[in-house]
Amino acid sequence: MEAPLYPDSPLDPSTPFDGQPAFWVGPRHLAGDDGRLYEVVADTLAGLGWTSLTIVRGRHEPDEAPQDRQVLRSTVLHISPDSLRWAQWVLADEPFHLGNLPIAWQISARADTSSPLATWSAYFTLDVPGEAVADFLVALDARTQPTAPLAGPELVLDAVAAHGWLRDIDQPHAVATDPTFTSHISLGEVPPLIQDADPRALITTETGETGPAGWQAWAEPALGAPCLWAVSFGTSVPHDLVAVFAASLSSTAPVLRRVLPEATQERLLRAPAG
């Protein structure tokens with residue numbers, strides 16, 4: 001069974017508890033998503049005029065209670081007016097993992113509507129600051145052609161360096177880290193399962209060759225500790241779009257939060273809001 005809907009809420013969003021005090025928090029890259037990553041992104045897309053669609057596939061028996069329904073696959077899909085870009089909330093859809101964290105949002109784009117396949121995709125886990133994902137989507141929406149490369153990779157590192165991040169001594173043109181060495185952005189090998197239309201992305205290590213690189217970002221609160229969040233950009237994601245994400249992620253402007261990540265709350269500066 002497949003049913004398109006326009007729901008008032010996502011399938012299983014993470015929402016903060018009501019009544020908790022709000023704080024202005026920094027640094028942004030360690031502030032988490034406030035348990036509202038779906039809402040922040042979905043509200044942004046609604047404001048841009050994207051269409052939302054919920055697709056549920058499963059088996060429904062006569063007289064079966066809703067809680068007993070066997071859902072085999074479900075996703076919330078947001079589509080741009082020109083159908084060249086889309087964003088999927090895939091957390092309820094048995095997503096694959098980045099940094100041992102399940103993917104929450106998958107954002108994709110294609111050059112034209114003649115092909116159903118994405119030219120590139122980007123993947124975001126929970127606790128990526130929603131402000132950074134929203135800024136990425138606003139920049140994507142503003143592009144006339146969402147797949148055309150407009151700038152080189154240096155733009156990404158310039159964006160974080162402008163906010164005090166440090167370039168790696170050994171790889172200054174590919175890697176940068178925040179001043180506390182907890183969050184990182186790197187241009188390098190793309191993890192498995194990252195979708196991209198560049199045929200070179202299919203090259204495996206078995207051939208003895210290396211495929212094209214893509215941007216990866218992640219936060220590791222302590223050496224060897226589990227990641228707080230992880231992001232992966234496919235090989236063909238334009239560098240200027242990654243730079244918008246990187247600039248927002250590394251921004252020194254405080255963000256409003258009610259729910260703080262347990263792994264980083266001791267590292268956060270906070271001030272009561274209101």
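These notes cover a strand residue, a strand pairing and a helix packing in a predicted model.

1. Glutamine 88. This residue sits in strand S5, which spans residues 85-89. Is glutamine 88 buried or exposed? Its relative accessible area is 14%, and the cut-off for buried is under 20%, so glutamine 88 counts as buried.

2. Strand S2. Which strands does S2 (residues 23-26) join? One is S14, residues 255-257. Three bridges link S2 to S14, and the two run antiparallel. The other is S15, residues 269-272. Here four bridges make the link, again antiparallel.

3. Tryptophan 24. In S14, leucine 256 stands opposite tryptophan 24. In S15, the residue opposite tryptophan 24 is alanine 271.

4. Helices H2 and H4. H2 covers residues 130-142 and H4 covers residues 239-249. They pack at an angle of about 150 degrees, with axes 8 Å apart. Angles over 145 degrees count as roughly antiparallel, so H2 is roughly antiparallel to H4. The crossing of H2 past H4 is right-handed.

5. The H2 and H4 contact. H2 contributes Glu131, Ala132, Val133, Asp135, Phe136, Ala139 and Leu140. H4 contributes Leu241, Val242, Val244, Phe245, Ser248 and Leu249.

How values were computed: Residues numbered from 1 in each chain as written. Predicted model: local features only at pLDDT ≥ 70, side-chain atom pairs only at ≥ 80, totals over all residues. Heavy atoms only, no water. Buried < 20%, exposed > 50% of the residue type's maximum accessible area, 1.4 Å probe, protein only. Pairing = 2+ DSSP bridges. Axes fitted to C-alpha atoms, helices over the stretch in contact; angles between N-to-C directions. Parallel < 35°, antiparallel > 145°, perpendicular 65-115°, else oblique. Left-handed = near helix turned anticlockwise from the far one by under 90°. Contact = heavy atoms within 4.5 Å.
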